[in-house]
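Could you walk me through this two-part model, one question at a time? I would like to know how each answer is reached.

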Amino acid sequence: MSNFLFGRYLPGNSWVHRMSPQSKLMLCFFFVIVIFFANNVWTYATLSLLLIVVVLMSGVSIGYFLKGIRPLIWLIIFTVLLQILFSSGGHVYWHFGPFSVSDLSLINGGFIFVRFLLIIMISTVLTLTTTPLAIADGVQTVLKPLKKFHFPVDTLALMLSIALRFVPTLMDEMETILNAQRSRGVDFGSGSLRHRIQAAVPLLVPLFTGAINHAENLSTAMEARGFTDSEHRSKYRVYRWQTKDTISWGVFLLVGILVLFLRNN
Amino acid sequence: MKDIIQIKNITFNYPDQPLLFDQLSIDVHEGEWTALIGQNGSGKSTLARLIDGLIVLKSGQIVVDGLIVNDDNIFDIRNKIGIVFQNPEDQFVGATVEDDVAFGLENRQMPREEMHKVVESSLKEVGMWEFRDRIPANLSGGQKQRVAIAGIVALSPKIIILDEATSMLDPRGRQEILDLVTKIKQENNLTVISITHDIDEAATADRVIVVNKGTIVEEDKPDNIFGDIRKLESIGLSAPFTSQLIMALEKRGIDSSSQYLNDKRLIAWIKQLVSNK
């Protein structure tokens, strides 16, 4: 559980914490799109500066962000290395067979690295400062326009919030089954690939049947409490758009325009 | 006393299974605490689901507070009945305590301001207001059942059904839940049906109905039912601790009136025995 960063929320009362989830979600999305427009030192520097401001304003210590990056570090290194070794053009410093390192490939590698870092950091800011419940509500608000096309937005939001609510429950259950099967002599995590896959069966089957039981009981309990469908309901929680959201959007849009000006065409 | 629930000659079986109830009839009196006891598979939990219209009858009729349980009345009937189920984990719909209590109110499309007031007062009623931000994973079993009760109190039903609501709790949690339901019952003049394996829980009821293999074996005050240990054992139920103690004393030649006594009365009786010697 300790390495599990998804849905990890750090309570706080910063500017970023108090923004409405739907605008945070959209800003995150917007930021990622802008990142893909960046293509030189100036644009990356602008975006990095904005991110540093956001991180500082979230009031979350930098250690948590490093934790978020850690599981992805090999993926980042792998991609950056590929970029450095296989891109062609520019002044070549070293080459061997199909591999070559040039000034251009080094620069591109550096850009890819920064790009990864920015994407991971901004999404970590979102998950650390927003409760899973608020994210589910944010998704519901953001997807609301799809209702016009008969997309079941409310049902999706309900499913999402139930799924998030059951994540820790099912994790606990998995731990229990894992230990119960270990105590009966099942060896997880050693031996050949085939052996490992076989060992997963006594874990997965009880986990699935358990989940089906949960679903059955939960749906009975929901029905007993007057649930008919997900559309005809009022809402207990509402996240309103605030001045903070407008100001943040203003800043992000300005930065976005700046990036469009600064990029090489 | 008025009968708030009338179960008339019902017949029911699950698909591909033998008949669970055959011409069963039960009356539940208004304002009474009725305990339904019986072995596993005797149909107790099914009965709770039938009363709330969660499963459909084969034949017979169930009337709840003047309304016949059928498709047209189903939502009015569910407004009158609150059920606390066995597994605290499986009936927690909301992501946090507050959201869970609000779930039933949201289904009834209560306006938000009113909803906030009701959620607050219900959580204060069960003593869980300080825990309103918690997620279910960080609550004990007893606390989750308290939240489930708050969710019911918020809807102010006339009937509370405890469907083995205390069976997964430790003894302290169980006693806390029973005390809480007793308090709420008295304050709001509710009817309580508790379906249970726990004899000590049933002993606190006003009336006990013993169900075995889908039929009513006996129906009486707890005093009369729990005095007869042999009969209880013949249908696979154990007697309360106090009755077992009285039996053990009888075997050693100390005569009691073979009547059921709760803890307090048992202590009083033993004191009297000792002082008479």
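Predicted model: local features only at pLDDT ≥ 70, side-chain atom pairs only at ≥ 80, totals over all residues.

The questions below go from the chains to their interface and then to two single residues.

Me: Which elements does chain A have, and in what order do they run?
Reply: Helices (H or I, at least four residues) and strands (E, at least two) are DSSP runs, numbered from the N terminus. Chain A has 10 helices and 2 strands. Read from the N terminus, the order is α-α-α-α-α-β-β-α-α-α-α-α.

Me: Why does chain A count as more spread out than a compact globule?
Reply: The radius of gyration is taken over C-alpha atoms, and the globule rule is 2.2 Å times the number of residues to the power 0.38. For 265 residues that rule gives 18 Å, and chain A is well over it, so chain A is more spread out than a compact globule, with a radius of gyration of 23 Å.

Me: And what is the radius of gyration of chain B?
Reply: Chain B holds 11 helices and 10 strands. With 277 residues, the globule rule gives 19 Å, and chain B comes close to that, so chain B is as compact as a globular protein of that length, at 20 Å.

Me: What share of the residues in chain B is buried?
Reply: Buried means under 20% relative accessible area, exposed over 50%, and partly exposed in between (1.4 Å probe, protein chains only). In chain A, buried residues make up 38% of the 265 residues. For the 277 residues of chain B, the share is 52%.

Me: How far apart are the centres of the positive and negative side chains in chain A?
Reply: Lys and Arg count as positive and Asp and Glu as negative, without His and the chain ends, and each charge is placed at NZ of Lys, CZ of Arg, CG of Asp or CD of Glu. Chain B has 31 positive and 42 negative charges, with mean positions 4 Å apart. Chain A has 21 positive and 12 negative side chains, and the two centres are separated by 8 Å.

Me: Which three residues of chain A supply 33% of the area that it buries against chain B?
Reply: Contact means heavy atoms within 4.5 Å, and 27 residues of chain A are in contact with 35 residues of chain B. Buried area is the accessible area (1.4 Å probe) that two parts lose on being put together, summed over both; here it is about 2,900 Å². On the chain A side, more of that area comes from one trio than from any other three residues: Arg165(A), Arg225(A) and Tyr236(A).

Me: Is Ser58(A) buried or exposed?
Reply: Ser58(A) sits in helix 3 (residues 41–58) of chain A. Beyond residues up to four places away in sequence, Ser58(A) touches others, including Phe65(A) and Val125(A). Since its relative accessibility is 2%, Ser58(A) counts as buried.

Me: How far apart in space are Arg132(B) and Val97(B)?
Reply: Arg132(B) belongs to the loop between helix 4 (112–125) and helix 5 (141–153) of chain B, and is partly exposed at 27% relative accessibility. Among the residues touched by Arg132(B) are Val97(B) and Glu98(B). Arg132(B) and Val97(B) are 35 residues apart in sequence, yet their C-alpha to C-alpha distance is 4.9 Å.

Key
Residues numbered from 1 in each chain as written. Chains lettered and ligands numbered in written order. Heavy atoms only, no water.
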